[in-house]
Amino acid sequence: MMWRRLNAMIGKEFLQLFRDVPILFILTWAFTGIIYLTGHAISMEIRDYPVVVYDLSQGSHSRELVSRLQKPYFKVVDYVYSDAEVTAFLDGGKASLAVIIPPDFEHRVNEGNARFQVISDGTLSVTATIAGGHIAEIANTFSRDILLKQVGLTSAEFERLPQVDARIRIAYNENLTHAWFSSMLEMLNMATMVAALLTAAAMVREKEYGTLEQLMVSPLRPAELFVAKIVPTVVMVLLFSLLALFGVIKGVFDTPIRGSILLFYSVSVVYVFAAASLGLAIAVLARNIAQATMMLLLILFPMMFLSGAFTPPESMAPWMQYASLISPLRYYIDFGYQVLFKGNGLAEVWPDIVGIFVVGAVMFSFAVWRFRQVYK
Amino acid sequence: MFERSLAIAKKETRELMRDPVYLGLSFLVPVCIMLLFGYGLTMDVKHLPIAFVDHDRTAISRDYIDRYVHSEYFDLIAVTSEQGDATHLLKTGRARVIVDIPSGFARSVMGEEPVSLGVTVDGSFPTRGQVTYGYVMVINGLYSQELLTQFIQRQGINPDAILPVSMELSVWYNPSLESKNFIVPGIMVIILMLFPALLGALLIVREREAGTIFNLFASPARRWEILFGKAVPYSLVTFLEYLILFTMSVWLFDVRFIGSFWVLSVGALLYSFCTIGIGLLVSVLTRSQLAAMLVTFLITVTPAFNYSGFLAPVASQDAVGQFAASLVPATYFMDIVRGCYLKGLGLEHYAGSLLALAAYTAVLYILAWLALRKRVG
């Protein structure tokens, strides 16, 4: 009996969704174009950091120094010949770093006390700090190479001097390709947002059109109504996630997928169910789609913020670390990266799965409970 | 001539006032986001969990470990002698860096021989990976340099001669390198891109869904009068939102502001009309509120977040990225905002961006005017 009621309702929901051709187009764009755009962009990493060079020395040493400002970290956008031009480049944001080499650089290198000036645009303080570190390293290596040449040491001889050579290996993402990270993050975020918004809209629409009363007098129980609203969302979001994962994340950015797709999708079913429950909880409170969207954003922004994607959880203030425990996205992002990216299995990710289950169950129960209260 | 527009503006204002929940939310949500980002966002990567595999277990290897532990950048999770333990820590994310000290480390250091050790950094969050890489390089480099200096001193060479070339770094615009100085104004630009557009996105499509659009079709109001009447009150609400966010940024978060408030406000007013215009155009083109909301969300947040220069300089993007940036109005407003907050430039620097914003806005309203048909079907 229950299955017949559910079937009928779910069928109606699917029909409504598939007839909304514009929404299908929009979702396709969301899970392909937007994910591509996010992966393509440069974010907080240093890549092609724009440098302007004012070389007053024009000697072989200064040219050698400038030639070391190269990809992937730096990109020399222009060579200028006056202070005013340097200022104009920095003011206009056309360059974020200016390297100024004084006229006496050449002979002071030979004397062993040369200096050059670097002006950094500190606006984007995080990248400015990283860029400062990289250019300091370039200066040090340059310095060392000069020294070696001056004392007549070959680099093989140099390597026999006492020192500690740290051979740093980057696990999971050897070249620190940012697109691998950001495109996957965008997919997980997009799944969350779309799941909550689609479900909320499906529910609020009944309110706006006044068809909710019809459903109330039907034999459908609240929990059944909710499941019927959630199922089509779960199916759609998972299908679109597949498109994003294989079409863009793997297809375009060539992100290695090391773990079990099956595990990822089984847990994703639960997660999307949880996110859709959040949409329902909102729909119970909101009177129209506009209100629902605003409420959703009020919840989603903190959720994304606490998810650990902006600030690594270990660097968060303690109150934020605790607050992040109620964000289902935190578990899902951690889970997604561990499974897809690190190739971890159940043994490692079970705490995340428990988190997703608990938060999802709480949300669904809250929505059903509120709904019963309001529409008794 | 403006009578009809005024009448529509009055009606829109009244409608806005009669949904206090929505109006309240559209102010409350941006303020909350601002508070969250202003107070909570630390982009600084600190307290990274680090683990050591110490095969050497000598005073010297412990001294090397201390170099990491005694910095605020790393928090010690474990020192083991089992490779497997460390690998497991990295796998589960409980450690982000593993340093592998080989046996014989102390012997090599004492014997003035070079020694190499393996470091594994978790690269799954690339920004964090890049920063971690930098920290390891610096801490290890300092240690190495100490060894080298001692050695050279023993050889009777003046250690000051080690660095024949040195670099002088000066930081402009944000000399204390505080991240709030770019995050708070930046997030204001993003907020003012998204929320006004969402407000505007409902203006036409809501009437279409409710059927009241026919009243407008049948009224003597011309198309531009309808658009104008709808856009003005909402743009003014947006401008009010800007004033609130600006006040928060300067008074609450104490963000450095050295430029002209008037230039910024002129930019903000243009930007308000522009972002309301984005919503309005979407509203004219879509047939359901859900579609309008979704489209608006997708065309505003992601492009503004990734391409406007919020987190990375526009100049570092490639050709595709720079083209994308030029299509996002937030890029132009971001330029004005950065200039006014941190750079304090002369008016001539803003002319280009102000002009671009004005042109962008004009195009949006012309497109909306062309797409709005006072016909049924």
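This is a predicted model: local features need pLDDT of at least 70, side-chain atom pairs count only at pLDDT 80 or more; totals for chains, interfaces and linings use all residues.
Student: Let's start with strand 1 of chain A. What makes it largely enclosed by the rest of the structure?

Tutor: Seven of the seven residues in strand 1 (residues 49–55) of chain A are buried, so the strand is largely enclosed. The burial applies to both faces: Y49(A), V51(A), V53(A) and D55(A) are buried on one side, and P50(A), V52(A) and Y54(A) on the other.

Student: How do you know that strand 1 of chain A pairs with strand 2 of chain A?

Tutor: Pairing takes at least two bridges, and five bridges join these two strands, which run parallel. P50(A), for instance, stands opposite K75(A) in strand 2 of chain A.

Student: S96(A) is in a loop, between helix 5 (83–91) and strand 3 (97–101) of chain A. Why is S96(A) called buried?

Tutor: Buried means under 20% relative accessible area, and S96(A) has 5%, so it counts as buried. Not counting residues up to four places away in sequence, S96(A) touches residues including Y49(A), P50(A) and D121(A), as well as P313(B).

Student: Why is the contact between D145(A) and R68(A) called a salt bridge?

Tutor: The limit is a side-chain nitrogen within 4 Å of a carboxyl oxygen. For D145(A) and R68(A) the closest N and O atoms are 3.0 Å apart, and they form a salt bridge. This pair links distant parts of the chain, 77 residues apart: D145(A) is in helix 7 (residues 125–151) of chain A, and R68(A) is in the loop between helix 4 and strand 2 of chain A.

Student: What makes K343(B) and D121(A) a salt bridge that joins two chains?

Tutor: Their closest N and O atoms are 3.8 Å apart, and the limit is 4 Å. K343(B) lies in helix 14 (residues 329–343) of chain B and D121(A) in strand 4 (residues 114–121) of chain A, so the pair joins two chains. With a cut-off of under 20%, K343(B) counts as buried because its relative accessibility is 13%, and D121(A) counts as buried because its value is 8%.

Student: How many salt bridges are there between chain B and chain A?

Tutor: Five. Another example is K342(A) with D122(B), at 3.1 Å between the closest N and O atoms. The contact takes 112 residues from chain B and 118 residues from chain A. Together the two chains bury about 10,100 Å², 67% of it on carbon and sulfur atoms.

Student: Finally, which residues have the most contacts inside the largest nonpolar core?

Tutor: They are F226(A), F264(A), F335(A), M34(B), L264(B) and F333(B), in a core of 206 residues. Helix 9 (residues 178–209) of chain A gives the largest share, 19 residues. Apart from this core lies another, of 55 residues, with V99(A) and I146(A) among them.

How values were computed
Residues are numbered from 1 along each chain as its sequence is written. Chains are lettered from A and ligands numbered from 1 in the order in which they are written. Side-chain values use heavy atoms; hydrogens and water are left out. A nonpolar core is a set of buried Ala, Val, Leu, Ile, Met, Phe, Trp, Tyr and Cys residues joined through side-chain atoms within 4.5 Å. Buried means under 20% relative accessible area, exposed over 50%, partly exposed in between (1.4 Å probe, protein chains only). Helices (H or I, at least four residues) and strands (E, at least two) are DSSP runs, numbered from the N terminus. Contact means heavy atoms within 4.5 Å. Buried area is the accessible area (1.4 Å probe) that two parts lose on being put together, summed over both.
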